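Here is a walk through one structure. Start with the strands, then turn to a pair of helices.

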Amino acid sequence: MKEINERVVRLAQSFDAWRAAARELIARGVPPADVAWQSQPGEGDLFSSTPEATDTGAPPLRLPRQLVELLESAACFNVHDRWAFLYQVLWRWQQGQHDVVSPADADGARLHAMVKAVHREEHDMHAYVRFRERAESDGAPRFVAWFEPTHAVLPQVARHFARRMGSISWMIATPGASMLWDGATLHAGPALLRGAADIDDAGEALWLTYYRSIFNPARVNADLLHSHIPSRFWKNLPEGAIVPAMLSGAANGERRTGQTASVGQRQGAAMIPISAERAQPARATATTLDQCRRCALWQHATQAVPGTGPHTARIMLVGEQPGDQEDLAGLPFVGPAGTLLDQAMQEAGLARDSIYLTNAVKHFKWEPRGKRRLHKTPAQREILACHGWLEEEIERGKPQVIVALGSTALKSVLQDGAVSMTPLIGTPIEHDGRWVVAVYHPSYVLRARDEESRRQAYAVIVDGLRHALRLLQEPHHGVAAGTSCASSRLA
């Protein structure tokens, strides 16, 4: 230890280093006024010089856990005299002045204010860190984020994301340091990026498209928006680049258009349907699926999802509605349920490019659950509102066999809201001159409670698809050849 003009110089670049130095100084009985703290070698006052190594043989301090946690959090507060202040708090405690941790004390009030600011910064970093995905060919880390924290909270926040993101590798870069997670261990390093512009993300365009699609100009409250998200975070959020233009557009006419779109909604226990022709302003009747406003589902969906496949296909598969991934991609059965359906078709001997795939409801109905959009079963009025589009697909393609995947699809195909699917499984019926085969929806298999239930439900789908193929070769004898739709409802 080197002393100059009776002042002791100590270097503290982390809480652990400060704690070791403070323990040694307390053991020697050195008061706060006699210590000059440095954050970098060579810093200090006019009387300080480069300190020597800290003695690690000092006796341990006995401190309450609450005080240690307060000191450790306050050590992250970015202010030039933090180490001197923390030592002053520690010294006073050792002298028996335990009111130093009380908010009523001047030092205690400052200590609690520093801790509160640090906790707020951790919360903001949890909320506003945006990970960008890197190309898989670039190797680790798979995700990279840039953030500019006011206080030194990167290690604590990194531990939070390590618990949340599992074995996926990622890096959070800041102007002063970086933290890398390799899937098992956190690694601290120097600053590696200059800003968010150094990160490329091919998927960001898809996110911005989705963000624009859910923006409702009729509900814009700019003051509330800025009060919830401090302005210093906007520049590093992907959507921050498009929000100003969207706010400007909302104030210059788009707000009025958004309000007009909700004319058909009324207060009360039931929705009062109003046709597009009667709404204001006057507009043409929908001639394409993208223009459909027959029910309210379009308001919260990214886009309508039409059927796909050859219009001359002899087999049509009808599902319930698009899922989250289908809503974003604009194609039916491209998510986990679609993967399982592909596997079942392959086992049944059906080629996907030889059948027509569609849904009874063309817009994604969902409810928020955290940051996810969870599927919600369409109501009967929504099935009825969308049936015109399914009818048009059937009339255009004239399939010989329709496979209804699930109860919603069966109700729409048969135009019967009371029909039950269970009695029809394994028993094809004729409806409007074509065969209808009822099987489970692939998502039902994915949600099954155990392996045996999944196996049985999956077998029903495969058997139904095989039966659909066999029906193409059987002679057609009209309703008498099979079970009528009316009689099947009585089973």
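Two strands count as paired if DSSP finds at least two bridges between them. Strands are DSSP runs of E with at least two residues, helices are runs of H or I with at least four, and both are numbered from the N terminus. This is a predicted model, where local features need pLDDT of at least 70, side-chain atom pairs count only at pLDDT 80 or more, and totals for chains, interfaces and linings use all residues. Residues are numbered from 1 along each chain as its sequence is written, and side-chain values use heavy atoms, without hydrogens and water.

E4 pairs with strand E5 (residues 143–146) in the antiparallel sense, over two bridges. Glu133 stands opposite Phe143 in E5. Both strands belong to an open sheet of five, ordered E4-E5-E6-E7-E8, with mixed pairing. Strands E4 (132–133) and E8 (186–189) each have a single partner strand, so one side of each lacks a neighbour in the sheet.

Now a hairpin. Strand E11 (residues 366–369) and strand E12 (residues 372–375) run antiparallel, joined by four bridges. Trp366 has His375 in E12 as its bridge partner. Two residues lie between the strands, and Gly370 takes a positive phi near 70 degrees.

Last come the helices. The axes (lines fitted to C-alpha atoms over the stretch in contact, with angles from 0 to 180 degrees between N-to-C directions) of helix H1 (residues 15–28) and helix H3 (residues 82–94) come within 11 Å and cross at roughly 40 degrees. Which residues of H1 meet H3? Phe15, Trp18, Ala22, Leu25 and Ile26 do, and their partners in H3 include Trp83 and Leu86. Contact here means heavy atoms within 4.5 Å.
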